[in-house]
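Dear colleague,

I am passing on the structure we spoke about, and I would be glad if you could look through it with the notes below at hand. They go from strands to helices and then to the aromatic side chains.

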Amino acid sequence: MMKPTYPLGLILLIIAFTSCGQESYKYEYLYRDLPFDMPRVEAPRFPDREVKLTDFGAVGNGTDLCTEAFATAIRSLADQGGGRLTVPAGVWFTGPIVLESRIHLHLEKGAVILFSPDVDLYPLVETIFEGLDTRRCQSPISGRNLTDVAITGQGTIDGNGHFWRPLKREKVTESEWKKTIARGGVYKRPTYWFPYPETLRGDTISNMNVPQHLTTEEEWQSVRHFLRPVMVSLIGCKNVWLQGVIFQNSPAWNLHPLMCENVMIEEVQVRNPSFAQNGDGLDLESCRNVLVVNSTFDVGDDGICLKSGKDVDGRRRARPCENVVIDGCTVFKGHGGFVVGSEMSGGVRNISVSNCQFLGTDVGLRFKSTRGRGGVVENIWIRQISMMDIPTEPVTFNLYYGGKSAVEVLESGETVPAAVEPLPVDETTPAFRNIHIQDLVCAGARRALFFNGLPEMPIENIILERVYITAKLGAEFIYCKDVALKEVTVRAEEGKPFVVRHSESVKGLQE
């Protein structure tokens with residue numbers, strides 16, 4: 001039988017079409033064998049239109065305020081249907097930047113956007129922080145209900161956060177402490193410094209970081225300096241792209257996409273000092289269809305964190321964080337490498353974490369919640385994780401979270417009671433289940449594993465496979481159900497490698 005022949009033009013067209021399809025989506029490998037359905041997340045496209053910040057009178061000398069130039073440039077682009085705002089090399093000192101739909105903010109190599117520490121430039125706005133509906137100072141970069149928005153390039157965005165944040169003396173060197181207190185400020189105690197009297201007042205009257213009982217404008221303004229903003233706040237946006245930029249020194253959390261869809265975060269560096277209070281790297285809250293790839297985090301709180309609202313506010317919002325793929329990321333300092341919670345009242349599901357390394361984080365994989373929160377965390381697949389020098393545990397589930405970091409809990413000497421009285425199960429009961437961890441290696445930790453569930457809702461259906469951990473203490477399982485250990489090795493310096501209490505069906509323990 002003769003083989004069919006095709007016109008040369010048709011062959012070339014087929015080759016071109018095939019090649020285009022192969023090159024058009026560089027993260028195709030992340031979708032192979034993904035254990036849940038998820039649409040491709042791609043970078044948004046923008047109109048072929050560009051303006052430079054200098055076209056609008058901005059001067060990049062680090063002292064002249066460029067707030068109006070940013071606003072005018074963005075407004076001009078938006079009025080024309082969008083495009084790229086290019087920030088050249090230089091230090092561009094500015095107040096808040098408000099993005100609009102179809103705006104691509106691009107930082108050239110050597111460009112630094114430095115936000116002013118003048119609190120008067122950041123008015124109070126309605127927002128969500130730590131999972132609660134509240135008010136905070138306007139974020140240095142913000143956007144709400146936008147379509148197609150990007151921040152890319154080779155430059156740096158600096159929030160000047162040290163002018164906002166309080167400081168504990170024990171967390172810094174003597175020279176850093178003296179440098180900070182030389183600015184003035186007030187003290188809660190001799191070793192706890194606040195930059196403004198309003199900051200101290202807010203700390204005194206607040207529950208954690210969100211005041212609950214302020215009603216008048218005068219009351220809100222009296223603690224305004226305490227209401228530190230997240231640096232990048234994107235709320236209800238679709239098609240978000242963050243690429244290449246260094247995001248650093250935020251007043252509170254660094255990057256906070258909230259209720260966003262189709263989010264791509266690639267090759268960014270997120271940095272905060274290790275002593276930065278509430279200095280989270282990335283907080284994905286109630287987002288869906290997200291890629292976080294090939295990025296680094298070195299921060300003062302959780303590195304990569306998934307959230308979905310807190311308590312009644314989060315349950316009423318009922319927006320889970322779902323369909324998230326995290327790959328090829330590194331976390332240095334931070335309270336946790338990959339974290340879920342503690343604000344997870346809307347649920348977290350369908351998550352893949354792979355090919356990551358956690359180098360000196362307080363905890364590697366950190367799952368946290370507490371009674372009263374509600375929400376279901378389920379269907380999480382974690383693989384190919386390397387860790388070293390972990391001060392607490394490579395993997396921890398803590399269903400009694402109280403706001404302290406894992407290191408602070410250890411230093412306080414807190415222990416879990418031998419038995420906990422169960423409570424009735426209702427919508428306020430958090431649940432963690434169906435979590436798969438495989439191919440994990442940790443060289444050096446204090447305790448190998450710590451699973452601390454609730455008697456009324458044990459941590460359920462957890463599979464650990466091909467795990468190797470060296471630690472001072474062994475693994476501990478409390479109020480767990482259906483935990484399977486397959487080829488799990490724990491090398492403990494002291495005591496037994498595994499301790500099981502108040503649990504049902506923990507299989508595969510090796511002495």
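This is a predicted model: local features need pLDDT of at least 70, side-chain atom pairs count only at pLDDT 80 or more; totals for chains, interfaces and linings use all residues.

Strands β8 and β9 form a hairpin with two residues between them, and in the turn Glu 130 has a positive phi of about 50°. The two strands run antiparallel, with six bridges joining β8 (residues 124–129) to β9, and within this pairing Glu 126 stands opposite Arg 135 of β9. Strand β9, which covers residues 132–137, is mostly covered, since five of its six residues are buried.

The pairing elsewhere follows another pattern. An open sheet is formed by 12 strands with parallel pairing, in the order β5-β10-β16-β19-β22-β25-β28-β30-β32-β34-β36-β38. Its edge strands are β5 (97–98) and β38 (498–501), each of which pairs on one side only. Within the sheet, β10 (residues 141–144) and β16 (residues 232–235) run parallel and are joined by four bridges, and Ser 142 stands opposite Ser 233 of β16.

Turning to the helices, α2 (residues 67–79) has 13 residues, which at 1.5 Å a residue should span 18 Å, and this agrees with its end C-alpha atoms being 18 Å apart. Which residues of α2 are buried? They are Ala 69, Phe 70, Ala 73, Ile 74, Leu 77 and Ala 78. Because these residues cover an arc of only 160° around the axis, they lie on the same side of α2. This can be read with the general rule that an α-helix has 3.6 residues a turn, so residues three or four places apart point the same way. On the other side of α2, Glu 68 and Asp 79 are exposed. The cover over the buried residues of α2 includes β1 (50–52), β3 (83–87), β4 (90–94), β5, β6 (103–107) and β7 (111–115). After α2 comes Gly 81, whose phi is positive, near 100°.

For the aromatic side chains, a search of the whole structure finds 13 aromatic pairs. In one of them, the rings of Phe 451 and Phe 477 have their centres 5.0 Å apart and their planes at 75°, and the pair counts as edge-to-face because planes over 60 degrees apart are classed that way. This pair links distant parts of the chain, as Phe 451 in strand β34 (residues 449–452) and Phe 477 in strand β36 (residues 475–478) are 26 residues apart. Phe 451 is buried, with a relative accessible area of 0%, and Phe 477 also counts as buried, at 0% relative accessibility.

With kind regards

Terms used:
Residues are numbered from 1 along each chain as its sequence is written. Side-chain values use heavy atoms; hydrogens and water are left out. Buried means under 20% relative accessible area, exposed over 50%, partly exposed in between (1.4 Å probe, protein chains only). Two strands pair if DSSP finds at least two bridges between them. The expected span of a helix is 1.5 Å times one less than its number of residues. The arc is that of the directions from the helix axis to the C-beta atoms. Contact means heavy atoms within 4.5 Å. Rings of Phe, Tyr and Trp (its six-membered ring) pair if their centres lie within 6.5 Å; planes under 30 degrees apart count as stacked, over 60 as edge-to-face and the rest as tilted.
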